[in-house]
Amino acid sequence: MPGRLLPLAFLPEGSRALIREIRGGYGVNRRLAELGFTLNAEVKVVRSSSPGPILVEIKGSRIALGRGIAMKILVEEVK
């Protein structure tokens with residue numbers, strides 16, 4: 001049974017998750033894909049202190065995302 005989907009912005013620091021859906025327009029989806037945010041890619045939350053950007057690690061790179069964009073990336077947490 002698959003886990004529930006939640007926005008990337010809701011994950012605590014140190015969590016790992018798989019990207020399952022990106023709810024953005026064409027431009028947002030294209031830019032995130034260029035940065036490595038593709039379906040089934042694993043992402044790790046490095047730093048998340050509200051308010052402010054969320055720092056994630058994906059495909060060997062660390063990237064800071066605004067909370068608005070992080071809310072559009074739906075993930076399934078990996079245990």
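The following legends describe close-up views of a predicted model.

View 1. Six strands form an open sheet in the order E1-E6-E2-E3-E4-E5, and their pairing is antiparallel. Strand E1 (6–7) and strand E5 (61–65) are the edge strands, each of which pairs on one side only.

**View 2. Strands E3 and E4.** Strand E3, comprising residues 42–48, pairs with E4 in the antiparallel sense, and five bridges link the two. Within this pairing, Val43 stands opposite Ile58 of E4. E3 and E4 form a hairpin with five residues between the strands, in which Gly52 adopts a positive phi near 125°.

**View 3. Strands E4 and E5.** Strand E4, residues 54–58, is paired with E5 over five bridges, again in the antiparallel sense. Val56 has Ile63 in E5 as its bridge partner. The hairpin formed by E4 and E5 has two residues between the strands. In its turn, Lys59 has a positive phi of about 50°.

View 4. Ile54, Val56 and Ile58 make up the covered face of E4, whereas Leu55 and Glu57 lie on the uncovered face.

Methods:
Residues are numbered from 1 along each chain as its sequence is written. This is a predicted model: local features need pLDDT of at least 70, side-chain atom pairs count only at pLDDT 80 or more; totals for chains, interfaces and linings use all residues. Side-chain values use heavy atoms; hydrogens and water are left out. Two strands pair if DSSP finds at least two bridges between them. Helices (H or I, at least four residues) and strands (E, at least two) are DSSP runs, numbered from the N terminus. Buried means under 20% relative accessible area, exposed over 50%, partly exposed in between (1.4 Å probe, protein chains only).
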